[in-house]
Amino acid sequence: MRSSSTLPGRSVPLLAWSAVVLDGFDVVALAVVFPVLLRTRVWDLTPASASVIATIGLLGMAVGAIASSSLSARIGSKNALIASVVCFSVGMALSALSPSAAVFTIFRFITGVGLGGCLPIGVTMVAARRSQDHKSSSATTTMMTGYPLGGVVCALLGILMVPAFGWRSIFVVGAAPAVVLVPLMIRYLPRAAPVIEATNIRIEEHDHPDRDALAGLFRGRGLRATLAFWVASFMGLMLIYGLNTWLPQIMSAAGYSLGNSLGFLLTLNLGAIIGQFLGGWLADRRGARLANISWFGGAAVFLAMFALPLPNVFLYVPLFLAGIFTFSSQSLTYAYTQRFYPEHLRAAGVGWAAGVGRVGAMCGPLLGGALLTIGVAYPWGFYIFALAGALGALATWLVPKAYASTPKRKADRQRALEASE
């Protein structure tokens, strides 16, 4: 049929983007329901125990992200992405049925495994299809607009649905789209993305492809780059998950109503959508390196500004600007990572950066919960988050301008230099 040959190229970005929307929805879901659970003392939840729940879910994300490149190499990127969507959707549906905090925590881990695999697989699939026209960065950041958009949708539904239908309704809504999305992926996604095909070629040449790919990340200048990308990803995801999980509660602790606090979360994610387009545009024209450093630096400045004593109406301006830079910093880290490494290392590079970054994602909610527990979350939380942005900028600056693992890889070196220009 004609559709089978023409639609897949168009469907990869759209379907991957849809999966990322659900990812972003789930990230904000805890921020929406935690204030309700804490206020009504459901399961006798405290900020500390809520942080543990969030952290266990993020541990699942780390597992899923690290395993994503191996899973894609073995069953194909299409099947790996579908499996990830099914996993996190089932986890969200089960979360809505949780009878206790312990069971809820288990289901959050299952959700996290699926979410962790979804993003790096989607990034490498979409970027590989736009690499030839030198627009892989904008393709990556455009796909990542789904992340804050999902957060915006979740925040809006939280304002509308939680008072009427209770906190469980958020997880039901988050799980439902998979009923449509999974059949579309089965029908329209191609069997393998180019990056996975390249990885499969390597499988024929080596007995241990996963080990070879991991070793390549630490070979030559790759060592410094890999460690730098891991630090940048750690800081980027700590910012995203720390703010998305605890911003409403931090602002409630500062004296704002729950409605206003969710409005702050909405503003942050609206800014993030704009930032994804701007960051991708800059990366394709001035280089992923410059864009990544600039965006982390901007996040540091505006997060620090938000901690200053400003009138209520003016709080939305620095928060919107912080949203532009904060969320896009992580997207640009993924874009820079997949452009820096040679093709046969790209999936492993993105997957491991995302996986190690999930450790930062765990630290964000833990940090917010600890600061809330001792009563200093506002304003000190924002100063600490600003420091994380500054460290992300420094780590990106330390990435060398070329991979250059061996003298024979001239094409790889040239490709990395072009990505940095």
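Predicted model: local features only at pLDDT ≥ 70, side-chain atom pairs only at ≥ 80, totals over all residues.
## Nonpolar core

The largest nonpolar core holds 110 residues. Those with the most contacts inside it are Phe34, Phe171, Met185, Tyr241, Leu247 and Phe382. Helix α1, residues 2–39, is the top contributor, giving 18 residues.

Phe382 shows what such contacts look like. Leaving aside residues up to four places away in sequence, Phe382 touches Leu243, Leu247, Ile250 and Met251, as well as Leu303, Ala304, Phe306, Ala307 and Ala377.

## Helix α6

Helix α6 spans residues 146–165 and bends by about 40 degrees at Gly158. Gly158 is itself buried. Other buried residues in α6 include Tyr147, Pro148, Val152, Cys154, Met161 and Val162. Just after the helix, Gly166 takes a positive phi of about 90 degrees.

## Helix α8

Helix α8 runs over residues 178–188. Ala178, Leu181, Val182 and Met185 are buried there. These four lie on the same side of α8 because they cover an arc of only 95 degrees around the axis. Val179 and Val180 are exposed on the other side. Met185 is also among the residues with the most contacts inside the largest core.

## Loop between α1 and α2

Most residues other than glycine have a negative phi. Arg41, in the loop between α1 and α2, has a positive phi of about 60 degrees. Its relative accessible area is 46%, so Arg41 counts as partly exposed.

Asp44 lies in the loop between α1 and α2 too. Its phi is positive, near 55 degrees. Asp44 is exposed, at 55% relative accessibility.

Technical notes:
Residues numbered from 1 in each chain as written. Heavy atoms only, no water. Core = buried A, V, L, I, M, F, W, Y, C linked by side-chain atoms within 4.5 Å. Buried < 20%, exposed > 50% of the residue type's maximum accessible area, 1.4 Å probe, protein only. Helix = DSSP H or I, 4+ residues; strand = E, 2+ residues; numbered from the N terminus. Contact = heavy atoms within 4.5 Å. Bend = angle between axes of the 7 residues up to and from the residue. Arc of directions from axis to C-beta.
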